[in-house]
There are 2 protein chains.
Amino acid sequence: MPITRSRSYHHGDLRAELLQRAEATLRESGVDGLSLRRLARDVGVSHAAPTRHFKDKQALLDAIAVSGFQRLAAALAQTAAADSADGHIRALARTYLHFATENSALVALMFARRHSPAAGDAMSRAVDAAFATPVALITEAQKRGEVIDGDPRRIALSAVAALQGLATFVGSGVIAAETADELVDETTTHMIEGLRPRP
Amino acid sequence: MPITRSRSYHHGDLRAELLQRAEATLRESGVDGLSLRRLARDVGVSHAAPTRHFKDKQALLDAIAVSGFQRLAAALAQTAAADSADGHIRALARTYLHFATENSALVALMFARRHSPAAGDAMSRAVDAAFATPVALITEAQKRGEVIDGDPRRIALSAVAALQGLATFVGSGVIAAETADELVDETTTHMIEGLRPRP
DNA sequence: ACCTGAACACCGTTCAAGT
DNA sequence: ACCTGAACACCGTTCAAGT
């Protein structure tokens, strides 16, 4: 058998394949289109097979959320730093909003009702990774005297919250998608002004 | 028949009763506990009866969302104005976050994936009602010279987005519930500073 | 007009059985 | 270890039929 792609029953890595398919389905059909049975069907496996890799549907959703936070962390980390802290903040803000609007179903799932405690550890690490770049940016800006003093994590949470809220409004149609870009820049400006040290 | 509570088959107002029961179920069991069949069972009617009042499940969710925006509008409108614009902003911010954290499943549903266009009209009115108080506050503060110039609706959206984001973080456990109160006050402070006219 | 009961095609979850 | 197939209790939606 010269074929390298050997599979036990049907798959080499069913878990990874299910996760990948799930994220695609999430993008195409939203969270309502996500079902273990359909996933199994799409991947060509019996409907009970996923149980071996995900204890129940919640475990699948948790795994998708963790993966989402990791991808968000990577997107933020890869956003190039600008000359000024302000410029970097603006770039990060656009990245965040872009990610959140391009992956609205995923982000909704990431911040959905409290995930099962079983996912807690990997989830916490992934969430921390996602906030690492904003926190580092605030810390750096504080050193340069461009942002007020205070716990950098709290300041970062406060700032990112504004972006998350905008993304929520865009996703639900409260804000028209066309005006989203302008609004994120305005919001970032208010944020920067609000965080600037006062004489 | 001296009993005034006459019912045709089983109910005087099945639609209202279903909606009320749905909101209770939403609070107790989250959106996953919400099913038309269970609702019908709880209310004592056949599983097909709700169809007369809600075309499908999405129509029920839309109706719940509209009702949620109306309740949010009322909560914001009833928040007493303070002496200063700053004080009023702080009070409104606390009301918003309190509403969003006490009704997390409802708020998640309100801002969920685009509602069906059929609900558009009533939905738009309800959303506008919810934002009316914040927009009026910004307009008033602008007149007093306490907030920078600009479209008051956009400024209000920007400000409320920060609160909505915080509520999302609290609801998903990214922010510990204990620190939520401090964080909303800090965020409000940054917001006020960011919106203050610059000399 | 409003509701019932049966029917259909889907679910998630569990479990004995196969390889 | 990993997957199958049947079984169970739930869904949403539709539709002829009853009052």
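## A salt bridge between the chains

Glu182(B) and Arg154(A) form a salt bridge in which the closest N and O atoms are 2.9 Å apart; the term denotes a side-chain nitrogen of Lys or Arg within 4 Å of a carboxyl oxygen of Asp or Glu. This pair crosses between chains, running from helix α8 (residues 177-195) of chain B, which holds Glu182(B), to helix α7 of chain A, which holds Arg154(A). Helices (H or I, at least four residues) are DSSP runs, numbered from the N terminus. Glu182(B) is partly exposed, with a relative accessible area of 43%. On this scale, buried means under 20% relative accessible area, exposed means over 50%, and partly exposed lies in between (1.4 Å probe, protein chains only).

The structure is a predicted model, in which local features need pLDDT of at least 70 and side-chain atom pairs count only at pLDDT 80 or more, while totals for chains, interfaces and linings use all residues. Residues are numbered from 1 along each chain as its sequence is written, chains are lettered from A and ligands numbered from 1 in the order in which they are written, and side-chain values use heavy atoms, with hydrogens and water left out.

## The interface

Between chain B and chain A there are six salt bridges. Besides the pair described above, Glu186(A) and Arg154(B) meet through their side chains in a salt bridge of 2.7 Å, N to O. Salt bridges with shared partners also join Asp86(A), Glu193(A), Arg196(A) and Arg198(B) into one network.

The size of an interface is often given as the accessible area lost when the parts come together. Here the area buried between chain B and chain A is about 3,200 Å², with carbon and sulfur atoms giving 59% of it; this area is taken with a 1.4 Å probe and summed over both parts. Arg154(B), Phe169(B) and His190(B) supply 20% of the area that chain B buries against chain A, more than any other three residues. Chain B contributes 38 residues to the contact and chain A contributes 38 residues, where contact means heavy atoms within 4.5 Å.

## Relation of the two chains

Chain B can be laid on chain A by a turn of 180° and a shift of 0.0 Å along the axis, with an RMSD of 0.0 Å. This is the relation of a two-fold axis. The superposition is by least squares on the C-alpha atoms of residues with pLDDT of at least 70 in both copies. The same surface serves both copies, as 100% of the contact residues of chain B recur in chain A.

## Aromatic pairs

Over all chains, the whole structure contains six aromatic pairs. Rings of Phe, Tyr and Trp (its six-membered ring) pair if their centres lie within 6.5 Å; planes under 30 degrees apart count as stacked, over 60 as edge-to-face and the rest as tilted. The rings of Phe131(A) and Phe169(B) have centres 5.7 Å apart and planes at 85°, so this pair is edge-to-face. Phe131(A) lies in helix α6 (residues 120-143) of chain A and Phe169(B) in helix α7 (residues 152-172) of chain B, so the pair joins two chains. Both Phe131(A) and Phe169(B) are buried.

A tilted pair is formed by Phe169(A) and Phe111(B), at 5.3 Å centre to centre and with 40° between the planes. Phe169(A) is in helix α7 (residues 152-172) of chain A, whereas Phe111(B) is in the loop between α5 (104-110) and α6 (120-143) of chain B, so this pair joins two chains. Phe169(A) is buried at a relative accessible area of 0%, and Phe111(B) is buried at 8%. Ring pairs also link Phe69(A), Phe111(A), Phe131(A) and Phe169(B) into a cluster.

## Charges over rings

The charged end of Arg153(A) sits over the ring of Phe131(A), 5.8 Å from its centre. Arg153(B) lies over the face of Phe131(B), at 5.8 Å from the ring centre. The criterion is that NZ of Lys or CZ of Arg is within 6 Å of the ring centre and within 35 degrees of the ring normal.

## Salt bridges within chain A

Across all chains, the whole structure has 26 salt bridges. One of them joins Glu23(A) to Arg71(A), with the closest N and O atoms 3.1 Å apart. This pair links distant parts of the chain, 48 residues apart: Glu23(A) is in helix α1 (residues 14-29) of chain A and Arg71(A) in helix α3 (residues 57-77) of chain A. Glu23(A) counts as buried at 17% relative accessibility, whereas Arg71(A) is partly exposed at 29%.

Note on methods
Buried area is the accessible area (1.4 Å probe) that two parts lose on being put together, summed over both.
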